[in-house]
Amino acid sequence: MAVETTTRAKLRWGVLDVVVVVFALVPVLWIASLSFKTPATLTDGKFWPREWTLENYRTIFDTDQFVRALINSIGIALIATAIAVVLGTMAAYAISRLDFPGKKLLVGVSLLIAMFPQVSLVSPLFEIERQLGLFDTWPGLILPYITFALPLAIYTLSAFFKQIPWDLEKAAKMDGATQGQAFRRVIAPLAAPGVFTTAILVFIFCWNDFLFAITLTSTERSRTVPVALQFFTGESQFEDPTGAICAAAVVITVPIILFVLFFQRRIVSGLTSGAVKG
Amino acid sequence: MSVNATPAGAEAAAEAEQPTGKHAAVPAQRARRGAGAPLSDNKRAERRLGWLLCAPAALVMVLVTAYPILYSVWLSLQRFDLRFPDERQFVGLENYVTVLTNDFWWTAFGVTMLITVVTVAVELVLGMGLALIMHRTLVGRGIVRTAALIPYGIVTVVAAFSWRYAWTPGTGYLANLFDGSAPLTERASSLAIIMLAEIWKTTPFMALLLMAGLALVPEDLLKAASTDGATAWQRFTKVMLPVMKPAILVALLFRTLDAFRVFDNIFVLTNGGNETSSVSMLAYNNLIRGLNLGIGSTMSVLIFITVAIIAFVFVKLFGTAAPGSDDGERR
């Protein structure tokens, strides 16, 4: 009898699981499927392609427009992530380890910025960056990305740092390790997973941004892929941009899916520890 | 797979231990400071290091948000159209009158409010369900958690294109289910699709925040309630919900503010056509397509004020404990 209930319960959970997985994956599979369709079958309305082709991928990698945008996306996201993680690590270390006046204020300010309506910055930043010559440049996008990634980085990292048994550092020094050795051999390996998780979350945030990218850029010089997708539409070089847009969309989705697949557990704990527990 | 549950659980346990230890330390510290005892060199060095480490992050955050928002207040008081730069002049609150008496603004405001309220409400229900599934499922917990993270990670614009093509007559598998009608050309159906896209994308985030709250529900309490004959629904409403209340409020606050900023999905799905613009779309249109910095900045300021009011209502009325605020007290 007990066995029967667990089997039934398992079945019930199994059905729910399937619903969730389908719900989550259908839109992704659909755009991937479109990207593999030939121009002739693109508008057949079928979920799966009847004829498979890589033509769309060849098209986008042949055009300067997409390749430039991809380079911009990768470069801008990587630089912003690196800077945000370094600054965030410094601040989070101070918040979780040191006692100094103004700590509460900093935590409060970063919370405010996490809730800040980004669109409110669009008009003033547009004008300020135009005056400073930052408009339509990499730094012009990197700066706002760092700003809005920092609260995320600070919260996630200080949650991680609070769990590190810092006494180990003392123990290592007692055993004769120098300050540097204690940090490199003991603390750094313990802190690394937190820093790495934060880097992934920040990267996803930068990679995802559309609002700043569309307002603070105007040419291929600094346009990122989410924005460049808009400009595929109506370009004469593509007869019908749908296939190309879908292929480009798949290309920028792949890294995110890989992150999620490999680091699912870390991403979950990073997101929740950062957002709920501070 | 049950290992998955431990990080959150362990954190909760660590978190529970921490306050007592730190609270005990606080009075002693305060007393020392209060007595006016000079700070030891060590203490001073610690302060200096703390400030030094935080300074770059604080500086960037303030420079890129505080200064521009003040600057946009200044811009909002001027007639300033980049197409007619010579006509730039100080006009006081005229821009605010223009915007606040404008039908487009109020339509966009209504659309934004509608999207915010509906999506957040639906997401709370779906997110709670998803959180329960991710937390309690007996099979395939890893798969469910991974799958649920995918919408969170996907670029919003990519997802929006997927929905757009799905509802495009001829091309889309969904449009064909409805006799090839063109739902993205009508207002009500466009809004419904925008909300669907928003809900799909952000429910996992809501679920993750709620799941962190679920991890705090003591398993013993659930077992005890079950032994006392509580039904599943009673266990949910009488045991789980009260414990989860802080997590729910934080999730609601974050999602409400985030939903109010809706932009990407509308941009791709309808481009604001058929009166589906949100306030963010409208501000963008005034700035980039209209090049009207004065009006654009006025909208920026109004959106900022609205978001501040929403946050204030959550914190004061509902007593949402902002994440990190307990952090301050513990110090």
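**Exercise 1.** Work out what share of the chain A contacts between residues at least 6 apart in sequence join residues at least 24 apart.

Solution. Start with the term: two residues are in contact if their C-beta atoms, placed from the backbone, lie within 7 Å. Now take the pairs in chain A at least 6 apart in sequence: 75% of those contacts join residues at least 24 apart. Next, the elements: chain A has 11 helices and 0 strands, where helices are DSSP runs of H or I, at least four residues, and strands are E runs of at least two, numbered from the N terminus.

This is a predicted model, where local features need pLDDT of at least 70, side-chain atom pairs count only at pLDDT 80 or more, and totals for chains, interfaces and linings use all residues. Residues are numbered from 1 along each chain as written, with chains lettered from A and ligands numbered from 1 in written order.

**Exercise 2.** Check the span of helix α2 (residues 41–76) of chain B.

Solution. The expected span is 1.5 Å times one less than the number of residues. For these 36 residues that should be 52 Å, and the end C-alpha atoms are 49 Å apart, so the two agree. Then look for a bend (the angle between axes fitted to the seven residues ending at a residue and the seven starting there): a kink of about 40 degrees lies at B:A55, shortly before the proline B:P56.
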